[in-house]
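Dear colleague,

My notes on it follow directly after the display.

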Amino acid sequence: MTSIKEQAAISRLLSFLQDWDNAGKVARSHILDSFIETNQGKTAPELEQEFSQGASLFLVRLTTWLRLTYMTGSCLDKLLRSIGIFLSAVSSNRYLIEFLEVGGVLTLLEILGLEKIKEEDKKESIKLLQVVANSGRKYKELICESYGVRSIAEFLAKSKSEETQEEVQVLLDSLVHGNPKYQNQVYKGLIALLPCASPKAQQLSLQTLRTAQSIIGATHPSIVDCVLKVLRTMHLEVQYEAIELIKDLVNYDVCPALLRGLVDLLIPSVRETSKLQPKILNDSSVLQLTAQLPVFLQQAAAAKTIGVLARSNTSLAQEMLHLRVVHSLLSAMGNTDHSNSQRQASLTLQYFVQTFPVVEQHVRKSMGEELYQLFLVSAPVPSRHKEQRARTEWCPLHTVPTLLNTTHTDGAWWPAAGGTAWRGLLSWHLSVPFAALLVKLGAQPRPATSLCPSPPKPRLPWHLSQVPLAPILRAAPRTYT
């Protein structure tokens with residue numbers, strides 16, 4: 001025989017469930033508001049006491065209504081939060097099993113892919129998936145077996161809310177820990193996220209990749225190309241995470257391919273750089289504002305990354321010397337279309353010059369003493385009325401010859417000894433695949449003609465005065481008739 005109190009509690013439960021069954025959308029919304037307010041943070045025994053040992057009866061009604069209405073989004077956020085109270089309660093394993101038996105995981109994953117659902121509702125769905133994943137290994141495997149990694153990764157790439165994206169990162173991080181059966185699947189999904197258009201998604205994916213890489217150990221072959229392409233970003237927080245991941249990857253078997261790829265990025269292909277309009281075709285008296293091509297952003301980031309790696313590990317610096325990194329850095333310093341490429345390349349080259357005597361010897365001989373000292377020391381920023389003037393012209397790519405009289409020394413590529421040193425002009429030439437190169441001319445002006453008038457004397461670009469002086473590459477003088 002049940003006591004009077006127990007009978008009264010059962011009567012209240014039956015009355016509550018009957019009110020829920022007979023209520024409409026508005027009334028159910030009020031019921032959910034009251035339930036969330038009074039039961040937030042309760043344990044499973046407390047919930048059972050509240051519902052007179054019949055909490056599962058209310059949970060099954062919530063999950064049933066979820067499956068019927070999730071595509072319309074009716075009270076979805078309140079419904080998911082109410083289910084979350086059951087799943088996140090202490091000693092709630094029974095509630096979790098009941099939720100999974102009715103296809104709860106599949107429903108949550110489908111919510112992520114619906115375009116009409118609000119971002120806040122999808123965020124609540126992610127939080128429920130976190131609760132499921134944190135419940136144990138078999139639950140993580142259940143999410144992965146339900147094509148969860150793909151759905152979660154696609155949602156991370158498309159989400160417009162940074163808070164929601166951070167919740168997704170927490171979920172992916174949980175799936176990669178303690179999940180040996182499917183951790184490679186999560187790892188590949190993170191790599192697939194790197195080319196996405198969302199900077200926040202790229203940043204979070206790179207952060208999680210560092211964790212996943214340390215857990216898995218082996219690297220995937222596609223990670224090198226994907227990480228190097230991320231260096232095209234104009235977002236510094238993404239670039240920072242990419243460099244941090246590269247610092248980790250040099251400790252794995254992809255190190256040679258990674259170093260080769262970084263050095264190759266210092267000399268972009270002609271196909272990429274030809275997108276810039278040749279400036280010789282423009283009026284030199286008009287200020288030209290060159291757009292920052294992604295390939296130039298990538299070039300500057302590669303020069304910066306090479307400097308970071310070289311400073312952190314001398315053996316890596318020696319390996320890059322054999323990859324002709326000094327030649328590539330000099331080429332990057334000749335990119336007058338992107339000042340940051342010149343700055344990062346010059347700073348990195350300074351390290352190689354100061355660390356390896358053979359590099360210092362040959363760079364000094366090639367530049368000449370005066371230009372070499374200017375290269376080593378950053379000049380103070382002058383006022384605009386005191387800026388140094390320089391007469392410039394733009395030289396097409398095909399008129400710039402390669403380095404002549406070269407020799408191979410210690411795996412690096414240098415001008416041969418005995419070459420003419422810099423005397424007012426630099427006497428060696430570099431093959432630089434840019435649409436145009438800055439050329440410093442002599443003091444004598446060209447004869448002006450009706451077909452080729454003498455150009456004005458533009459000021460030296462102000463950014464060159466803020467960084468170590470980049471070498472000014474000299475091409476063969478033109479003949480004017």
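Q130 is buried in this predicted model, with a relative accessible area of 12%. A value under 20% counts as buried, so Q130 falls within that class. Its place is in helix α8, which covers residues 119–133. Leaving aside residues up to four places away in sequence, Q130 touches E167, V170 and L171.

V105 is also buried, at a relative accessible area of 3%. This residue belongs to helix α7 (residues 104–113). Beyond its neighbours within four places in sequence, V105 is in contact with F99, L100, L129, V132, L142, I143 and S146.

As to the chain overall, the secondary structure comprises 23 helices and four strands. The protein chain has 481 residues, of which 48% are buried. Its accessible surface comes to about 24,000 Å², and carbon and sulfur atoms account for 54% of that area. Of the contacts between residues at least 6 apart in sequence, 75% join residues at least 24 apart.

The largest nonpolar core contains 119 residues. Those with the most contacts inside this core are F58, L66, F86, L129, I152, V325 and F352. Helix α5 (residues 76–87) contributes the largest share of the core, namely seven residues. For L66, the contacts are with L76, L79, L80, I83, F99, T107 and I111, again not counting residues up to four places away in sequence.

The aromatic residues deserve a separate paragraph. The structure holds 14 aromatic pairs. One of them joins W20 and W65 in an edge-to-face arrangement, with 5.4 Å from centre to centre and 85 degrees between the planes. Because W20 lies in helix α1 (residues 4–22) and W65 in helix α4 (residues 55–69), the pair ties together parts that are 45 residues apart in sequence. W20 is buried, with a relative accessible area of 1%, and W65 is buried as well, with a relative accessible area of 8%. F35 and F51 form a tilted pair, since their ring centres are 5.9 Å apart and their planes stand at 55 degrees. F35 is in helix α2 (residues 25–39), whereas F51 is in the loop between α3 (44–50) and α4, so this pair ties together parts that are 16 residues apart in sequence. Both residues are buried: F35 has a relative accessible area of 4%, and F51 has 6% relative accessibility. Ring pairs link F16, W20, F35, F51, F58, W65, F86 and Y95 into a cluster.

An α-helix has 3.6 residues a turn, so residues three or four places apart point the same way. Just after α13, G217 takes a positive phi of about 90 degrees.

Lastly, I draw your attention to two backbone angles. Q53 has a positive phi of about 65 degrees although this residue is not a glycine. Q53 is found in the loop between α3 and α4 and is exposed, with a relative accessible area of 62%. R324 likewise is a residue other than glycine with a positive phi, near 65 degrees. The location of R324 is the loop between α19 (314–322) and α20 (325–333), and R324 is partly exposed, with a relative accessible area of 36%.

Yours sincerely

Definitions and conventions. Residues are numbered from 1 along each chain as its sequence is written. This is a predicted model: local features need pLDDT of at least 70, side-chain atom pairs count only at pLDDT 80 or more; totals for chains, interfaces and linings use all residues. Side-chain values use heavy atoms; hydrogens and water are left out. A nonpolar core is a set of buried Ala, Val, Leu, Ile, Met, Phe, Trp, Tyr and Cys residues joined through side-chain atoms within 4.5 Å. Buried means under 20% relative accessible area, exposed over 50%, partly exposed in between (1.4 Å probe, protein chains only). Contact means heavy atoms within 4.5 Å. Rings of Phe, Tyr and Trp (its six-membered ring) pair if their centres lie within 6.5 Å; planes under 30 degrees apart count as stacked, over 60 as edge-to-face and the rest as tilted. Accessible areas come from the Shrake-Rupley method with a 1.4 Å probe; for residues, only the protein chains shown count as cover.
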